[in-house]
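Dear colleague,

I am handing over the structure below, and my notes on it follow directly after.

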Amino acid sequence: MKFSKLGLSIGLALGVSMAAQAADVEVLHYWTSGGEAKSVAELKTMMEAKGHTWKDFAVAGGGGESAMTVLKSRVVSGNPPAAAQIKGPSIQEWGDEGVLADLNPVATAEEWDKLLPTVVSDVMKYDGKYVAVPVNVHRVNWMWANPEVFEKAGATVPKTWDEFFVAADKIKAAGMTAVAHGGQPWQDATTFESVVLGVAGADFYRDAFVKLNPEALNSKTMVDALNTFRKIKSYTDEGAPGRDWNLATAMVIKGEAGMQFMGDWAKGEFTAAGKVPGKDYICAAAPGTADDFTFNIDSFVMFDLDNKDLQKGQNDLASTVLSPEFQEIFNLNKGSIPARLNLPMDKFDDCAKLSSADFVRTADSNTLVPSMAHGMSTFSAQQGAIYDTVTEFYNNDDVTAEAAAEKMAKAVAAATE
């Protein structure tokens, strides 16, 4: 993300002029599935109630890669949106470009530092100032299961990876798909990071995916995790390559598959389908990770615009996003939990209550870790190096786990230079 700052300044000025004429609050995001779209509609309604026009700029693709490509093109061409869904270390990368709006005035007025856990507020700041507002906290290391499939197969929902393979064998023997998966790099990485966490624990996970320690990346422990990860592929179906995540979730909802490894945005799909947790589906931590929590925080950044009307719209958007009303309704729809502290959880289901309790508990026990797969632990270049290695290994049986671990360490090191 290396822009010419002179060209960018000129481009931004042109973009401001165009935006001012439209007087719309344009928001770029990649929430396009059923539960996600319902949540966005609520934010649009709240913004319109404040007198603003919401200009929806949705770019499909659950991992957000396509949206980021479009965003970079828009900023470089001088036509940035008022707000964009950006998260994790990517916020710092955009901050380095000098193109983000300062949200400290609204953050100070509303005392965001008291409303947000430190682990969340730190991610939202650049150079000590708020430049982003958090929408939610997702737990990534979930496993979603269909109890009817397990009952038909005579299997038990697994708590360890050894138990997982026993259950998967039974489901497969009963003629059903054990694991619903979408063969896309970000989905491969989502499953893989849960495997690493379950096989090796939070300390190793942090060493490998936060500190990017080459000795951890190229270790026997990583080799063991890679071999466990590859073994999962034999329990997926032939239609897995290229499948969108929500279609994989639909397989579990319909009883076509027993399990899916996916963050709690998947719960939004179950909710949209009218399914009840504990009855129609089971939410459980991925095998071996009950005492850990991989987090993914969705957030909006605002771009630095000179137009006063748009600035007011941006501030109102930030305020609305963190309001108790939106935090509750958005997270009820999407399956996540509020980023804002001390909100009543009585309207939330048991999965969300467990997630909220575990979020606080793992923060205290130091087993709360940022999701590598979802851009919370590394910059995009290092994440891409891990993605490429993991997906190549998953799809090419000729690549050994030892070779993949060595390649991962080297690729991450090269991306860090």
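**A cavity and a helix pair**

The lining of the second largest cavity divides into 1 nonpolar, 4 polar and 1 charged residue, where Ala, Val, Leu, Ile, Met, Phe, Trp, Tyr, Cys and Pro count as nonpolar, Asp, Glu, Lys and Arg as charged, and the others, Gly among them, as polar. Please keep in mind that this is a predicted model, in which local features need pLDDT of at least 70 and side-chain atom pairs count only at pLDDT 80 or more, while totals for chains, interfaces and linings use all residues. Residues are numbered from 1 along each chain as its sequence is written, and side-chain values use heavy atoms, with hydrogens and water left out.

The residues that line this second largest cavity are Gly35, Lys38, Gly268, Thr271, Ala272 and Asn333 (a cavity is a set of points on a 1 Å grid over the protein atoms alone where a 1.4 Å probe fits but cannot get out, and lining residues have an atom within 4 Å of a point). Two or more of the lining residues come from each of helix H2 (34-49) and helix H15 (266-272), and H15 gives the largest share, 3 residues (helices are DSSP runs of H or I with at least four residues, numbered from the N terminus).

Elsewhere, Phe192, Glu193, Val196, Leu197 and Ala200 in H10 meet Ala202, Phe204, Tyr205 and Phe209 in H11, contact meaning heavy atoms within 4.5 Å. The residues of this contact between H10 and H11 divide into 8 nonpolar, no polar and 1 charged.

With kind regards

Notes:
1 Å grid on protein atoms, 1.4 Å probe; cavity = no way out; pocket = protein on both sides within 12 Å on 5 of 7 lines; lining within 4 Å.
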